[in-house]
There are 2 protein chains.
Amino acid sequence: MAFEITEEFLEKLVGFIYENNDSEIKQLFEEVHFADIAEVLDEVSFEEAIYIIKLLDSEKTSEILTELDEDTREKILENLSTKEIAREIGEMDSDDAADIIGELSEERQLRVINALKDEELAADIKELLSYEDDTAGALMAKELVKVYETWTVAGCMRRIRGQAQEVTRVHSIYVVDKEDKLVGRLSLKDLIIAKSDQKIADISKSKVDAVNVHENDEEVAKIMAKYDLEAIPVVDDNNVLLGRITIDDMLDVIREEADKDYQMAAGFSQDVEVNDTIWELTKARLPWLILALFGGFVSVSVLGSFDGAMGNFPELFFFTPLIAAMAGNVGVQSSAIIVQGLANDSLKGSLFKRLLKEILQGLLNGFVLAALLMSAGMLFLGFPFKLGITVAASLISVIIIASIIGTFIPIILAKKGVDPALATGPFITTSNDILGILIYFSIAKLVLGF
Amino acid sequence: MAFEITEEFLEKLVGFIYENNDSEIKQLFEEVHFADIAEVLDEVSFEEAIYIIKLLDSEKTSEILTELDEDTREKILENLSTKEIAREIGEMDSDDAADIIGELSEERQLRVINALKDEELAADIKELLSYEDDTAGALMAKELVKVYETWTVAGCMRRIRGQAQEVTRVHSIYVVDKEDKLVGRLSLKDLIIAKSDQKIADISKSKVDAVNVHENDEEVAKIMAKYDLEAIPVVDDNNVLLGRITIDDMLDVIREEADKDYQMAAGFSQDVEVNDTIWELTKARLPWLILALFGGFVSVSVLGSFDGAMGNFPELFFFTPLIAAMAGNVGVQSSAIIVQGLANDSLKGSLFKRLLKEILQGLLNGFVLAALLMSAGMLFLGFPFKLGITVAASLISVIIIASIIGTFIPIILAKKGVDPALATGPFITTSNDILGILIYFSIAKLVLGF
C-alpha cells in the first residue's frame with residue numbers, strides 16, 4: 001500500500017524522460033505495482049505516457065494497459081503500431097486481450113490478431129469476440145486448469161504444474177470426460193489432501209455449478225453472489241467446458257450496474273466520469289434537461305389554463321412549486337425502492353398487494369405532511385381555512401398518485417424489457433410535477449369554485 | 001443452478017411438516033444449496049421456518065442462517081435457545097459467527113459465547129467483536145493458513161493439510177517470522193510447483209499487501225479492487241498477522257455502499273428494502289419529505305413577497321415550477337458526478353479548475369435551453385419578447401448557480417467528514433428550488449421593474 005504519487009516522484013520521472021535516461025526510469029518503476037503505474041500515466045503528459053509505455057517491458061505494460069481508463073487507452077493504442085499492440089496483447093489473459101482488441105476498429109482488430117505469435121491465443125480471442133456483449137461468453141477467460149476424470153492424483157499434479165504456469169489464479173480444477181464435457185470440479189486443497197494413487201473421479205465433486213455461454217452477465221453476477229462463488233465454469237449447450245469467469249470480473253459488472261443506475265437516477269443519458277471533457281458531460285446531461293424543459297412547458301400551460309383563479313386566490317400560485325416538489329420527491333422514492341427490489345430479485349407478492357401498500361404509505365405520509373402544512377400555513381403564514389384545506393387535500397392526493405406512478409412505471413418498464421432505472425431519472429420527476437400541478441388546481445377549482 | 005422454488009415443492013414441504021414427517025423433509029432438502037433453502041424459508045410461515053431450522057443439521061442450518069435477511073434471522077434467533085444458537089455458531093467461520101452474535105442483545109451475546117464448546121472460536125469471536133464497526137478488524141476472519149519462514153516445503157505441506165481442513169477457501173498461505181509478524185505470502189500453486197526440500201523463505205514472495213486492523217472497510221475495498229486481490233491479510237500496528245479479508249466479504253461492502261448512495265439520492269433517511277413494513281418505509285421516507293415541505297414553505301414565502309408582479313405579469317408565476325425543476329435537475333446532476341468521483345477517488349485538479357468547468361458547462365447547457373425556451377415560448381405560447389428574455393436570462397443564471405452549488409456541497413460535506421451522497425438527496429433539490437425562484441424573480445424585477 002506504500003506507493004503514493006508525490007510531486008517529487010513526478011518531477012524526477014519527467015526529468016529522466018527529458019534526459020532520455022531510460023535505465024533510471026526503469027529503476028524508478030521497478031517496485032511499483034502496475035495499477036499504480038497506470039495512475040502515474042494519468043498524471044503526466046500524453047507524450048510522456050507514450051514514452052513510458054514504449055520503454056517498459058510488455059509483461060508490465062500489458063497489465064498497465066488493462067488498468068487504464070478506456071479513453072486514455074484508446075489514445076495510447078492509436079500511437080502504437082500493430083506489432084507493438086500485438087506484443088502487449090500477447091502477454092494478456094484471453095479475456096483482457098479480447099476486451100482491448102474489441103475497442104479497436106474492425107480493420108485494426110484483424111491486423112493485430114494476425115500479428116499475434118501465439119496462435120492459440122489468437123483463436124481464443126477470435127472466439128471470445130464472437131460472443132454477444134453482456135453475455136457470459138464475452139466475459140469469460142479461456143485460461144483454466146482442466147483434468148480428465150480418468151487421471152490419477154499423481155498424474156494430475158504433473159499435468160497441473162504445466163497448466164498452472166499460464167493461469168494467473170487457480171480457483172478450481174475442472175474435471176471433464178473424454179468429450180470435454182464438464183463432469184466435476186476439485187480444489188487445489190482437495191488435491192493436496194488426497195493420496196497420490198487415487199483417481200480424480202473419486203475425489204472430485206460431481207455437483208458443479210456452471211453457466212451457459214449465452215447467459216446474461218448480470219444473471220451470472222447474481223448466481224455468483226448468491227452461491228458465494230469465486231469462479232464459475234462456462235459451458236455450451238452440450239455442457240462442453242469453454243472457459244471460466246472469476247469474481248474480480250464480476251466485481252466490475254456489479255460496479256458498472258450500480259453506477260449506471262445511480263447515473264440514470266441523477267439524470268445522465270450516458271456513462272460519465274468526473275474527468276470527462278465539458279463536451280462529453282454536456283452531451284450526457286442535455287438530453288434529460290431538454291426533456292425536463294418540455295415538461296416545464298406543459299406545466300406552464302397547465303398553470304396558464306387556470307389563470308382565472310389569479311384574481312381571487314393569488315396564494316394558490318405560491319404553492320405550485322411546493323406541490324410539484326413533493327410530487328417529484330415522493331415519486332422518486334417509490335421508484336427507487338422498486339428499482340432496488342428488481343435489481344436484487346426481492347420484489348415479491350401480487351401487484352394488488354403492492355398497490356395497497358403504496359396507497360397506505362401515501363395516506364400515512366400524506367396526512368402527516370398535510371397536517372404540518374395546514375398548521376404551519378394557517379398559524380404562521382395566516383392563510384384562510386378554505387385555502388389551507390384545499391392545499392392539504394391536494395397534497396394528500398398528489399402524494400398518493402405520485403407513489404402509485406412511481407411504483408408502477410419501473411415495474412412496467414422492466415416487463416417491457418427496458419431498464420427500470422430509467423424511471424428514477426428526471427422522467428418521473430417531470431411527469432409527477434405536471435400531474436401534481438394539474439391535480440392541485442383541479443381540486444382547488446372544485447373546492448374554491450373559480 | 002437447477003433449483004427453483006415451485007408451488008409443488010412448497011406444498012409437499014408444508015404437507016410433510018404438518019405430518020411431522022422429518023425424514024422426508026430432510027430428503028427434500030438433501031441436494032438443495034443452503035442459499036436456496038434460505039429463500040424457501042422466506043416463502044413458508046414463520047413457525048414452519050423454525051421447524052425446518054430445528055430439524056436440519058447445524059452444519060447446514062448455520063450456513064442458512066448467514067444467508068437469511070437480518071430481520072428474518074433476528075426473529076428466528078429469538079425462538080432458539082442459547083444452546084441451540086451456540087451449536088449453530090460453532091459451525092460458522094469466525095467472521096460470520098461474530099456478525100451474527102453482534103446482532104444479539106449484549107446479555108445474550110455473553111451467554112452464547114460462554115455456551116460455545118470451541119474455546120478458540122469463542123476467543124476469536126470476542127476479539128472480532130472488540131473492533132469498531134466498518135473497520136478491517138470487524139470484517140476479517142481469523143481462519144487462515146499460516147506457515148513459518150523457516151519451514152521446508154514438505155513440512156509445510158504436512159502442516160497445511162491440517163490447517164486447510166478448517167479454512168473454507170485457501171487463497172494465499174501467509175508466511176510469518178517467529179514473532180508472528182507477516183513477512184511474505186505464497187500461493188498453493190507455488191507450493192505445488194516447488195521442490196519438497198526447498199525452504200519457505202526461498203519460494204515465498206516477500207512483497208505482501210496487508211491492511212491495518214483499524215483501516216476503514218471502504219478503504220480496504222478500494223485497495224482490493226485496485227490491486228485485484230482476492231484476499232488480503234490484516235495486521236496490527238506491529239505487523240503481527242491477525243486475520244484475513246476475502247473478496248466475497250468485500251463484495252457485500254461494495255454493494256451496501258452503492259445501495260446507500262442510491263437510497264440517499266432517492267431521499268431515504270435509512271436503509272430500506274422493498275419488503276419492509278409500511279411503518280419502516282414511512283419512517284425512512286418521512287424525514288426527507290418533511291424537510292422538503294419546509295423548503296416548500298420558504299418558496300411559498302419567496303413567491304408571496306413578489307406578489308406585486310401578479311397584476312402586470314401573471315405569466316411570471318406560470319414559470320416558477322419550470323425554473324425550480326431545472327434548478328433541481330441541474331443540481332442533482334452536478335452533485336451525482338462529484339459523489340461518484342469522490343467514491344472512486346478520481347476527483348483531481350484544483351477547486352478553481354472545477355469551478356471554471358462547472359461554469360462553462362452551465363453556460364453551454366443554459367444557452368441551449370434558454371434558446372429553446374425563448375423560441376418555444378414566443379412562437380407557440382405567444383409571450384412578449386421582454387418576458388421571454390427575462391425567463392431565458394433567469395434560466396441561464398439559475399443553471400450556473402445550481403451547478404456550482406451542486407458541485408461544491410458534496411465537496412464541502414466530504415471535507416467535513418459527512419457522507420457526500422447526502423447532497424444528492426432532496427436536500428440539494430429543495431435548496432436549489434428556493435434559490436432558483438429567488439433568482440428568477442429578482443431578475444424579473446430588475447428587467448420588468450414591478
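1. In this predicted model, G406(B) counts as buried, because 30 C-beta neighbours lie inside 10 Å of it, where the cut-off for a buried residue is 20 or more. G406(B) belongs to helix α21 of chain B, which covers residues 385-415. Once its neighbours within four places in sequence are left aside, G406(B) is in contact with V330(B), G331(B), V332(B), Q333(B), S334(B), S335(B) and I428(B). The C-alpha atom of G406(B) is also separated by 9.2 Å from that of G328(B), although these two glycines are 78 residues apart along the chain.

2. For M326(B), leaving aside neighbours within four places in sequence, the contacts include L289(A), A292(A), L293(A) and G296(A) from chain A, and L395(B), V398(B) and I399(B) from chain B itself.

3. As to the relation between the copies, chain B is superposed on chain A by a rotation of 180°, with 0.0 Å of shift along the axis and an RMSD of 0.2 Å. This is the relation of a two-fold axis. The same surface serves both copies, in that 100% of the contact residues of chain B recur in chain A. Which residue of chain B comes closest to the rotation axis? That residue is P321(B), whose C-alpha atom lies at 2.5 Å from the axis.

4. The domain assignment of chain A gives three entries, namely domain 1 over residues 7-139, domain 2 over 145-247 and domain 3 over 278-448. The C-alpha centres of domain 2 and domain 3 of chain A lie 53 Å apart.

5. Chain B also holds an open sheet of three strands, in the order β1-β2-β3 and with mixed pairing. Strands β1 (145-148) and β3 (182-186) of chain B stand at the edges, and each has a single partner strand, so one side of each is left without a neighbour in the sheet. From one strand to the next, the twist averages 35°.

6. Within that sheet, β1(B) pairs in the parallel sense with strand β2 of chain B (residues 173-176), and the pairing runs over four bridges. As one point of reference, V147(B) has V175(B), in β2(B), as its bridge partner. In general, strands of a sheet pair through backbone hydrogen bonds, in either a parallel or an antiparallel sense.

Terms used. Residues numbered from 1 in each chain as written. Chains lettered and ligands numbered in written order. Predicted model: local features only at pLDDT ≥ 70, side-chain atom pairs only at ≥ 80, totals over all residues. Contact = placed C-beta atoms within 7 Å. Least-squares fit on C-alpha atoms with pLDDT ≥ 70 in both. Domains from an automatic or database assignment. Pairing = 2+ DSSP bridges. Helix = DSSP H or I, 4+ residues; strand = E, 2+ residues; numbered from the N terminus. Axes fitted to C-alpha atoms, helices over the stretch in contact; angles between N-to-C directions. Buried ≥ 20, exposed ≤ 12 C-beta atoms within 10 Å, placed from the backbone.
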